[in-house]
Amino acid sequence: MAKGVISAEMLLERARILSLWVEQLRHGRNVPEIRLDDTDPLARLGNELQLLADTLGRQERELQRLFDLVEIVEKGVLLQDVLDRVFESFRGIIPFERIGCAFLTEDGSALSAHWARTELGPVQISGGYSQPMAGSSLEKVMKTGEPRIINDLEAYLASKPKSEATRSIVREGGRASLTCPLMVGDRPIGFLFFTSRQKNIYSHEHQETFRRIAAQVSIVIDRSRIYQEIVDRNKELVEQRSKLEECANRDALTGVLNRGAIMNFAEKALSATAERNRPLGIVMADIDRFKRINDSLGHAAGDLALKEFTRRITATLRPGDVMGRYGGEEFVVVVPDATIETVANLAERLRAAVVASPFNLGDETRAISASFGCALSFDAVGSIDDVVAAADRALYRAKNAGRNKVVFDAHSGKLVGNRRPSIARAG
């Protein structure tokens, strides 16, 4: 037989081998690479089959990455996580060292950068960067819906020196780009920008790769973006609600808790300290002769006095002590885990802070003092209102005793046997 001539038997054998190879491929088994020389009349068929196997393998990897992305969104993962997964999942499918994502504004007039992840230099285009779409090259890409290849960004920048986006990417280290439009149905939503540090890296094959999964990737990103917007909006609503609740609980003038909020806090503190078998201290404070300030200097001066009073008191409190405005010029301080000594010493420090220096009331300064009444919770007391009432009685006696004094409710001593605080006591 002449050299290079293949007998019918050899041809049939090689056809059988190729058939078995295709059968294994069809059943999803790993197949060896086909090796045929150019003298084999089945070489071209074998080469095409090898290319088919390579293509099927690549498509299988693409689909697996797509399934991973879809699974993430179905689990309600936020946009940042989805885009990070895009970065990881496209490795080995499309060459890149950087991926950026930008979204169209609601009216489609501008494109805003949302996210970028890079292994090039420091990010030059990040969230907040925006450019108009009208007349831009990206507008043409969006209209065609086809991925665009620029395999030499430096040359492209030389031809379009006003392109700040291209200049920024080149500054990062990008030398080639694949720009992929994101479409949900006929609705454009934005772009994915693949960037490589290597020139002439992208080909028609990469365009086809993204085109095959573009619709699914666009849907994944769009859904995660909507989910992200819902999460962000809910977070804003929670923060707004918290601020509104905080405002509702605060006295508009002084900024301390209002009467309802301080009494609610005191009631909870009473229950907490009772569980620990510890008493709760209450200090009632009242600015002495406050009416004279309003009558002689006006209500604006009175407001200044109230603000400065609360500033001095709150600056003197210990961590955990809480102040509230009980009404008018009367305030209440809640002292958790108290003893007669701690409450008495605290009240004396508060009194001293008030008289330490004159108050600036606008047109003049004036020396101001305050009276303090103190009480502790004890077995005979059934509610927080009873403790506050006891402190208020002590405050009344401090006023009658000449003002600028600290007076302790007499019944609070039952908690500590025969010990007595070193201050006046209301009998």
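How many strands form the open sheet, and in what order? Six strands form it, in the order E3-E2-E1-E6-E5-E4.

## The model

This is a predicted model, in which local features need pLDDT of at least 70, side-chain atom pairs count only at pLDDT 80 or more, and totals for chains, interfaces and linings use all residues. Residues are numbered from 1 along each chain as its sequence is written, and side-chain values use heavy atoms, with hydrogens and water left out.

Helices (H or I, at least four residues) and strands (E, at least two) are DSSP runs, numbered from the N terminus.

## The sheet

Strands of a sheet pair through backbone hydrogen bonds, either parallel or antiparallel. In this sheet the pairing is antiparallel. Two strands pair if DSSP finds at least two bridges between them. Strand E3 (130-132) and strand E4 (148-150) stand at the edges. Each has a single partner strand, so one side of each is left without a neighbour in the sheet. From one strand to the next, the twist averages 25°.

Three bridges join E3 to strand E2 (residues 110-118). Ser-112 has Ser-130 in E3 as its bridge partner.

## Helices on the sheet

Helix H3 (residues 79-89) packs on the sheet. H3 touches strand E1 (98-104), E2 and strand E6 (187-196), where contact means heavy atoms within 4.5 Å. The direction of H3 makes about 60° with that of E2. Axes are lines fitted to C-alpha atoms, for helices over the stretch in contact, and angles run from 0 to 180 degrees between N-to-C directions. Helix H7 (residues 204-248) lies across E1, E4, strand E5 (176-184) and E6. H7 runs at about 50° to E5.

The two helices also meet. The axes of H3 and H7 come within 8 Å and cross at roughly 155°. That makes H3 roughly antiparallel to H7. (Angles under 35 degrees count as roughly parallel, over 145 as roughly antiparallel, 65 to 115 as roughly perpendicular and the rest as oblique.) H3 brings Leu-79, Gln-80, Val-82 and Leu-83 to the contact, and H7 brings Val-220, Ile-221, Ser-224, Arg-225 and Gln-228. By class, these are five nonpolar, three polar and one charged. (Ala, Val, Leu, Ile, Met, Phe, Trp, Tyr, Cys and Pro count as nonpolar, Asp, Glu, Lys and Arg as charged, and the others, Gly among them, as polar.)

## A salt bridge

A salt bridge is a side-chain nitrogen of Lys or Arg within 4 Å of a carboxyl oxygen of Asp or Glu. The structure holds 24 salt bridges. One of them joins Arg-117 to Asp-84, with the closest N and O atoms 3.6 Å apart. Arg-117 lies in strand E2 and Asp-84 in helix H3, so the pair ties together parts that are 33 residues apart in sequence.

Helix H8 (residues 259-275) and helix H12 (residues 384-400) have axes that come within 9 Å and cross at roughly 110°. H8 and H12 are therefore roughly perpendicular to each other. The contact uses Met-263, Ala-266, Glu-267 and Leu-270 of H8, with Ile-384, Asp-385 and Val-388 of H12. Five of these residues are nonpolar, none polar and two charged.

The axes of helix H10 (residues 299-316) and helix H11 (residues 340-355) come within 9 Å and cross at roughly 140°. H10 and H11 are therefore oblique to each other.
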